Amino acid sequence: MTIATTGNHGGRVVSMLEVDDMHTIIRTEHLKFSYGKKQVLNDINLTVNAGEIIGLIGVNGAGKTTLLNILLGLLKGEGAVSVFEQQPGSAISKARIGSMLQGDMVVPGITIADLLKLAAAEGNHPLATNKLLKDLRLEPFKTQRLGSLSGGQLRRVTFAVALINQPDLLFLDEPTVGMDANSRKAFWDNIEQLRQEGKTIVITSHYLEEIQQIADRLLILQKGRFTFDGSLQQLQKQHLGATITFETDLQLPIFNGLPAVDRVDHLKHKLVIHSTDGDQTLRALTPLLDRLHQVSVNRESLEDIFLQLTQQEAN
Ligand SMILES: Nc1ncnc2c1ncn2[C@@H]1O[C@H](COP(=O)(O)OP(=O)(O)OP(=O)(O)O)[C@@H](O)[C@H]1O
């Protein structure tokens with residue numbers, strides 16, 4: 001069982017690191033990691049400052065969980081790593097981190113209430129268990145044993161454990177897997193609240209629409225390195241694509257031939273142009289504007305861009 005802040009697995013000595021910013025919470029320099037001969041992380045250079053909400057994304061097997069495990073001190077890489085200016089896994093960093101990992105909570109016989117009490121006993125300033133149960137809508141289940149919970153309920157319990165000791169830093173590894181739509185919405189509302197409280201949060205998820213909504217910084221992990229580090233707006237600026245949607249009495253093939261048009265779809269009574277360069281296609285549409293109605297232009301979503309960036313990896 002992984003309870004938010006348990007387990008001392010050692011980590012690297014970080015005295016060589018210059019931590020020049022009081023607000024720097026995580027720092028890695030030239031971090032590498034291999035499972036045997038399989039190199040997963042090649043050169044990870046990362047600085048995370050207090051209050052950032054980070055979306056860590058990458059295809060299956062990119063190394064996201066591995067990176068979180070290194071930052072937690074559960075795995076040891078090569079290179080310099082510090083968390084709260086300490087080596088990962090140190091008592092200080094453990095006390096300030098809450099985590100939701102994949103495959104957490106494998107002790108089936110304990111009740112939710114008892115689990116939270118146990119977790120609270122490990123911290124110095126735990127939240128009131130009953131209030132947390134209420135806030136996370138877990139009160140009706142509190143006497144249930146973990147083994148009798150559904151996958152989504154179990155994720156919510158894991159979230160409660162991650163929060164009980166009021167951590168400053170949260171690692172959330174695919175937190176919403178298995179949650180129904182209501183639970184997911186409630187979960188992201190809780191994250192929004194935590195943002196307002198100034199918490200630092202690193203989230204991995206394959207639900208990119210959710211990441212796009214919440215993260216103020218995106219890290220894209222590919223082939224052991226970050227190939228992008230910045231905001232969604234910065235990412236969209238690098239990718240000129242757009243979808244242009246409108247109603248028209250003109251026939252679809254007219255639009256297929258316009259510059260930068262990738263494809264044109266029918267969506268009910270509308271046409272949707274997928275353009276690789278929205279500005280160029282819009283200029284070409286100008287002479288037709290009096291035949292177009294209800295025009296809307298949308299930049300590419302995180303998911304669209306991610307699919308393009310990772311197409312080769314997924315093949
Ligand atoms: N204990 C292990 N022993 C050997 N290889 C491992 C081990 N754990 C993970 N790997 C491999 O390391 C790579 C990175 O795995 P990791 O779980 O970090 O990826 P991930 O980005 O979190 O993937 P996902 O999105 O599927 O959760 C994968 O190729 C995986 O098969």
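Predicted model: local features only at pLDDT ≥ 70, side-chain atom pairs only at ≥ 80, totals over all residues.
Residues are numbered from 1 along each chain as its sequence is written, and side-chain values use heavy atoms, with hydrogens and water left out.

**The whole chain**

- The chain has 11 helices and 13 strands. Both are DSSP runs numbered from the N terminus: helices are H or I with at least four residues, strands are E with at least two.
- Its C-alpha trace spans about 70 × 50 × 35 Å along the principal axes.
- Of the 315 residues, 49% are buried. Buried means under 20% relative accessible area, exposed means over 50%, and partly exposed lies in between (1.4 Å probe, protein chains only).
- Contact means heavy atoms within 4.5 Å. Among contacts with a separation of 6 or more, 69% join residues 24 or more positions apart.
- The accessible surface is about 15,600 Å², and carbon and sulfur atoms hold 49% of it. Such areas come from the Shrake-Rupley method with a 1.4 Å probe; for residues, only the protein chains shown count as cover.

**Around the ligand**

- The shell has 14 residues, and G61, K64, T65, T66 and H206 come nearest. A residue is near a molecule or strand if one of its heavy atoms lies within 4 Å of it.
- By class, the shell holds 4 nonpolar, 7 polar and 3 charged residues. Ala, Val, Leu, Ile, Met, Phe, Trp, Tyr, Cys and Pro count as nonpolar; Asp, Glu, Lys and Arg count as charged; the others, Gly among them, count as polar.
- A side-chain N or O atom of T66 lies 2.5 Å from a ligand oxygen atom. For G63, a backbone N or O atom is 2.9 Å from an oxygen atom of the ligand. A polar side-chain atom of K38 is 3.3 Å from a ligand oxygen.
- The protein covers 62% of the 630 Å² of accessible area that the ligand has on its own.
- β2 (38-49) and α1 (64-71) are the elements that give two or more residues to the shell. α1 gives the most, with 3 residues.

**Helix α1**

- α1 is mostly covered, with 7 of its 8 residues buried. The buried ones are K64, T66, L67, L68, N69, I70 and L71.
- G73 follows α1 and has a positive phi, near 85 degrees.

**Nonpolar cores**

- A nonpolar core is a set of buried Ala, Val, Leu, Ile, Met, Phe, Trp, Tyr and Cys residues joined through side-chain atoms within 4.5 Å.
- The largest core has 74 residues, and I26, L41, F171, I191 and I203 touch the most other members. Helix α5 (residues 151-163) gives this core its largest share, 7 residues.
- Beyond its neighbours within four places in sequence, I203 is in contact with residues including I53, L172, W188 and I214.
- A second, separate core of 12 residues includes I244, L250, L252 and V264.

**Single residues**

- T111 sits in the loop between β5 (97-100) and α3 (112-121). T111 is buried, with a relative accessible area of 11%. Its side chain reaches the backbone nitrogen of D114 at 3.1 Å.
- Leaving aside neighbours within four places in sequence, T111 is in contact with K142, T143, Q144 and R145.
- H30 is in strand β1 (residues 24-35). Its phi is near 50 degrees, a positive value in a residue other than glycine.

Conventions: Polar contact = N/O pair within 3.5 Å; in protein donor to acceptor, adjacent residues only side chain to side chain.
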